[in-house]
Amino acid sequence: MAHVTTYMGFTIPHLLRSACRLCPAHSALVVLRHSASCYCTVKGTAQSKRKMDHLERTANNFRQEVISQAKVCGITSESETVKRLRLAITNKDFTFKAGQWVDFFIPGVPVIGGFSMCSSPGLLEREGVLELAVKYTDHPPARWIHTECTLDSEVALRVGADLHGYQESKGNGYKMGTVKLYYSAKNTNELLFKKNILGLMSALPGKISCRFHVTQQNSPICEELQPHVTEGRISEKDLEKHVSKDTLWYICGPPPMIESISQLLYNSGVHRNCVFFEKWW
């Protein structure tokens, strides 16, 4: 799958998965504590000997039957390497939940893409549109989006498996837990959705916190971000303070990062059933 929404509980994992699945240079670690019941369709050690096509990787995942035509109604550059597509959906029966992704069909391109939504289901309900964030790569669907896609380009979409979900507890509804996000990128310009994340931290104090890690920052960090930025990679010291039996860990990023972070967690006594990630590579 080519490659990080009030959502809470899974708002931040959803945004960062959009950024990271589409952007191999980005890494995100989400720590959920005392959160609602949740699940992930794929988990385990990150080992892959060859790259598989999106449909091959996700062959066992559930798909909705609805395939909807969609028209590109907005194209925005989120960074030098990432474009955000805004798609108007024509089929009124097309729906999705936070944490799902779409099969992305492009006329004339035989390879099918797979992208996570970076907008909320509420935006689709209100305006009939959804948004995708796509990193430039040589993968044909991503390359098409960056080099050939224009306003009014027509594509087709089909919703794939629900990767993160929660069950409302009986009677009292969903009880919000706490989220600690570690988000790493080359520099602050590549920290996609940082304004959204800062907004959530402000709106939900004590429930959501974030540390942005930058590994190759060569310019001054803006005042708004400075209190939340650490130079250097996510470390074992960062993680060990959150280890407990009540904590769930969600990792998104390139395979070496997932392998490294998951091993650090296992070495710190975190049970494998508490560590979740997607095999999108």
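Rings of Phe, Tyr and Trp (its six-membered ring) pair if their centres lie within 6.5 Å. With that in hand, here is a set of close-ups of this predicted model.

**Figure 1. Three aromatic residues joined by ring pairs.** Phe-104, Phe-115 and Trp-144 are linked into a cluster by ring pairs. Trp-144 is one of the buried residues of α4, and Phe-104 is among the residues with the most contacts inside the largest nonpolar core. Across the whole structure, the search finds four aromatic pairs.

**Figure 2. The whole chain, for orientation.** Seven helices and 12 strands make up the secondary structure of the chain. The chain has 281 residues, and 54% of them count as buried. Its accessible surface comes to about 13500 Å², with 48% belonging to carbon and sulfur atoms.

**Figure 3. The largest nonpolar core.** In soluble globular proteins, nonpolar side chains tend to be buried together. Here the largest nonpolar core has 24 residues, and Leu-87, Phe-94, Phe-104, Leu-130, Leu-132 and Leu-157 have the most contacts inside it. At least two residues of this core come from each of β2 (67-77), β3 (82-89), β4 (101-106), β5 (109-116), β6 (129-135), α4 (140-147) and β7 (154-159). Another core lies apart from it, with 22 residues that include Val-179, Ile-197, Leu-200 and Cys-210.

**Figure 4. The surroundings of Leu-132.** Which residues does Leu-132 touch, not counting residues up to four places away in sequence? The list includes Lys-83, Arg-84, Leu-85 and Leu-87, along with Val-102, Phe-104 and Phe-115. Ser-116, Met-117 and Cys-118 are also touched by Leu-132.

**Figure 5. Helix α4 and the strands it packs against.** Pro-141, Ala-142, Trp-144, Ile-145 and His-146 are the buried residues of α4. These buried residues pack against β3, β4, β5, β6 and β7. Follow the chain onward and you reach Asp-152, in the loop between α4 and β7. Although Asp-152 is not a glycine, it has a positive phi of about 80 degrees. Asp-152 counts as exposed because its relative accessible area is 54%, and exposed means over 50%.

**Figure 6. A tilted pair, Tyr-183 and Phe-212.** A pair of aromatic rings is described by the distance of the centres and the angle of the planes. For Tyr-183 and Phe-212, the ring centres are 6.0 Å apart and the planes are at 50 degrees, so the pair is tilted. Tyr-183 lies in strand β8 (residues 178-185) and Phe-212 in strand β9 (residues 208-214), so the pair ties together parts 29 residues apart in sequence. Tyr-183 is buried, at a relative accessible area of 0%, and Phe-212 is buried at 0% relative accessibility.

**Figure 7. A stacked pair, Tyr-250 and Phe-276.** The rings of Tyr-250 and Phe-276 form a stacked aromatic pair, 5.0 Å centre to centre and with 15 degrees between the planes. This pair links distant parts of the chain, with Tyr-250 in strand β11 (residues 247-252) and Phe-276 in strand β12 (residues 275-277), 26 residues apart. Are the two partners buried or exposed? Tyr-250 is buried, with a relative accessible area of 4%, and Phe-276 counts as buried at 6%.

**Figure 8. Charges over rings.** The charged end of Lys-180 sits over the ring of Tyr-182, 5.3 Å from its centre. Arg-272 lies over the face of Tyr-266, and here the ring centre is at 4.1 Å.

**Figure 9. Two buried loop residues.** Ile-234 has its place in the loop between β10 (229-231) and α6 (236-240). Ile-234 is buried, with a relative accessible area of 10%. Its C-alpha atom is separated by 7.1 Å from that of Tyr-182, 52 residues apart along the chain. Phe-193 sits in the loop between β8 and α5 (194-203). Phe-193 has a positive phi of about 65 degrees although it is not a glycine, and counts as buried at 5% relative accessibility.

Terms used
Residues are numbered from 1 along each chain as its sequence is written. This is a predicted model: local features need pLDDT of at least 70, side-chain atom pairs count only at pLDDT 80 or more; totals for chains, interfaces and linings use all residues. Side-chain values use heavy atoms; hydrogens and water are left out. Helices (H or I, at least four residues) and strands (E, at least two) are DSSP runs, numbered from the N terminus. Buried means under 20% relative accessible area, exposed over 50%, partly exposed in between (1.4 Å probe, protein chains only). Accessible areas come from the Shrake-Rupley method with a 1.4 Å probe; for residues, only the protein chains shown count as cover. A nonpolar core is a set of buried Ala, Val, Leu, Ile, Met, Phe, Trp, Tyr and Cys residues joined through side-chain atoms within 4.5 Å. Contact means heavy atoms within 4.5 Å. Rings of Phe, Tyr and Trp (its six-membered ring) pair if their centres lie within 6.5 Å; planes under 30 degrees apart count as stacked, over 60 as edge-to-face and the rest as tilted. A charge sits over a ring if NZ of Lys or CZ of Arg is within 6 Å of the ring centre and within 35 degrees of the ring normal.
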